[in-house]
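Here are some exercises to work through with the sequence and the 3D structure open beside you. Try each task before you read its solution.

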Amino acid sequence: MLGAMPDSTFSPRATDPPPDRGAYWRTNLRYVGTLLAIWFAVSYGAGILFVEQLNAFTVPGTSFPLGFWFAQQGSIYVFVALIFVYVVLMNRLDRRFEVDEGDSAAASGRAAVSDARPEASS
Amino acid sequence: MNVQAWTFTLVGLSFALYIGIAVWTRARSTKDFYVAGTGVGPLANGMATAADWMSAASFISMAGIVSFLGYDGSVYLMGWTGGYVLLALLLAPYLRKFGAFTVPDFVGDRYYSQTARVVAVICAIFVSFTYVAGQMRGVGVVFSRFLEVPVEIGVVIGMGIVFFYAVLGGMKGITYTQVAQYCVLIFAFMVPAIFLSLMMAGTPIPQLGFGGFDPSTGVPLIERLDGLHRELGFAAYTSGAKSTLDVFAITAALMVGTAGLPHVIIRFYTVPRVRDARISAGYALVFIAILYTTAPAIAVFARTNLLETVRDAPYETVPEWFTKWEETGLLTFSDSNQDGLIQYVGPDAVDAAGVPITNELTVDRDIMVLANPEISGLPDWVVGLVAAGGLAAALSTAAGLLLVVSSAVSHDLLKRGLRPDISEKGELIAARIAAGVAVVVAGYLGINPPGFVAEVVALAFGLAASSFFPVILLGIFTKRMNREGAIAGMVTGIGFTAAYIAWFKFISPEMNSAEHWWFGISPEGIGTLGMLINFAVALTVSRFTPPPPRAVANMVEDIRVPRGARGAHEINA
């Protein structure tokens, strides 16, 4: 029955599970799978398994052998990028399936619990 | 001011800062003590995680290890950063949604079993003590080398500082001191690196510098280093000596171990929301990557510098730093052919007539970071800064580990086990006492290190990889995983890994070479196989045993979506 309801009719504070949690989870798994495939390719692929083949090339403008560069630099840069891509994708997905935590309402209750948030001044 | 005065001043100022923060951020409840009231902003948590994670080993030893291993050192660079991708994508958001205080909390509740909880507590305590002994030792070593106080006194001073802010402030005190410690350590790491890069490659960015060209001759630095290695009979810097499978296995064990280490995981319990947990893993990796992409640059600069300084140099004319570090025993020279020249050569070195040359110089890898400012002739204050940075790295990691131990005792063993009726106040007192006792035990281990400290680091990663990671992952991603599967998986995974490491490291160390290893996988990398065994056993056993109760399946359903994340205390109340 819930499955027939259009998305827009959900109340933002709905306590019953929305009908498309399955779709939400499958999309999440697809994102995770794709990003981990890249994670594997840059580190285990370019940095380890194919390092010798890639070392035949150099990174343009530098003297880095390409495979060596992936193992000691490139893979780390890609790791950072992967996490931020995941953050953006998931924040969008959360909002689309209305399972996000809201911007202020959810946070303010807990912020009050903590009496000191010194990071604001550091 | 001389080096000593600068070191005292900078170390003293940084300690005063940590104590000031400790007084300012006292813990008032168990929630403050365990998870900093879940009120830590994602950026602050990212910095705290970076300091928590980067230990004395990262700060002092890693650039040196890479410097000596060349390409093979990549296992540490990739292994100790790639784990954050696993954390951010597979664990952190869901554990934050679950809203526990500790890692055994999640294991015990998800697998509805006190046995599972106790197994997890034992693993957490063992892994953390293993690590913390090394940190305390690092504190003592920095004190003794830079301030010329005995190692024991250095350890006691370090204990005093950690005791102060860990016992008083719990996670809250630890978090904000870690933020300060990150700033100190990254500044201390980057300043000499930038100086070196300017000297060696003419660019202030070390990450570009080590792939650059010598400013005067135009020769690529990496080619020059590979050439030096060839001439002196070392394996080429840019290609390794380890087998591909072993490099693969070690990298995987370190990555998965990182994602399974309890003191890293609990940092993600301290943020207000699920989305904060995701992004703070990203911030943490940015802050870590600054050091981890600089370390290989320092490695190349320092290696080139060292080889060119000592290569066939007359012993009579060595620079001052050489004699100074000889006194510490980290640099030893024995003129075996009595020619008065330093022969620093690799295993393949031969002279013009084809006769093998004997190596006469032994260099401890830790020198690369600690002595770099002196080798490169940097100002005295930079040397003092490096000491303060090394202490910040060791103390921040020690504090995070001690909190895991104290919460495992006061929360998992007392509150959730032996004494469920303990009051909030009683639990907070118990947590403080446990933290205090843990500091003292860690200090004792730092002063009287068990002979195997270096070896057990491999054990810590292997254990975390073969126990916590599979159990938590399966607990989130399969609803069918049950108590029997999880316990069987943890026990066989840990058992296998521990037995393999114990065999090659302690029982018959003479057999610790590639031809005896299973599939050529070294004890450092065996956690990867242990993890696969854990997965296989857990999945098989769970198929033949009853599924978990309905309530647990609902809980798994619930942690998969961010909405409704609560503070940890609301679940445990």
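**Exercise 1.** What percentage of the 573 residues of chain B count as buried?

*Solution.* This is a predicted model, in which local features need pLDDT of at least 70 and side-chain atom pairs count only at pLDDT 80 or more, while totals for chains, interfaces and linings use all residues. Residues are numbered from 1 along each chain as its sequence is written, with chains lettered from A and ligands numbered from 1 in the order in which they are written.

Step 1: a residue is buried if 20 or more other C-beta atoms, placed from the backbone, lie within 10 Å of its own. Step 2: by that count, 60% of the 573 residues of chain B are buried.

**Exercise 2.** Find out how enclosed helix H20 (residues 468-477) of chain B is.

*Solution.* Step 1: helices are DSSP runs (H or I, at least four residues; strands are E, at least two), numbered from the N terminus. Step 2: the buried residues of H20(B) include Phe468(B), Pro470(B), Leu473(B) and Ile476(B). Step 3: nine of its ten residues are buried, so H20(B) is largely enclosed by the rest of the structure.

**Exercise 3.** Describe how H21(B) and H22(B) pack.

*Solution.* Step 1: two packed helices are described by the angle between their axes and the distance between the axes. Step 2: the axes (lines fitted to C-alpha atoms over the stretch in contact, with angles from 0 to 180 degrees between N-to-C directions) of H21(B), residues 483-507, and H22(B), residues 526-543, come within 7 Å and cross at roughly 155°. Step 3: the two helices are therefore roughly antiparallel, a term for angles over 145 degrees. Step 4: residues in contact (C-beta atoms, placed from the backbone, within 7 Å) include Gly489(B) and Phe496(B) of H21(B), and Gly530(B) and Ala538(B) of H22(B). Step 5: this contact has 14 nonpolar, nine polar and one charged residues. Here Ala, Val, Leu, Ile, Met, Phe, Trp, Tyr, Cys and Pro count as nonpolar, Asp, Glu, Lys and Arg as charged, and the others, Gly among them, as polar.

**Exercise 4.** Which helix gives the most to the side of chain A that touches chain B?

*Solution.* Step 1: the contact takes 49 residues from chain A and 54 residues from chain B. Step 2: on chain A, the elements giving two or more residues are H1 (21-49), H3 (66-96) and H4 (105-113). Step 3: H3(A) gives the most, with 17 residues. Step 4: by class, this side of chain A has 31 nonpolar, eleven polar and seven charged residues.

Note on methods. Angles under 35 degrees count as roughly parallel, over 145 as roughly antiparallel, 65 to 115 as roughly perpendicular and the rest as oblique. Two residues are in contact if their C-beta atoms, placed from the backbone, lie within 7 Å. A residue is buried if 20 or more other C-beta atoms lie within 10 Å of its own, exposed if 12 or fewer, and partly exposed in between; C-beta atoms are placed from the backbone.
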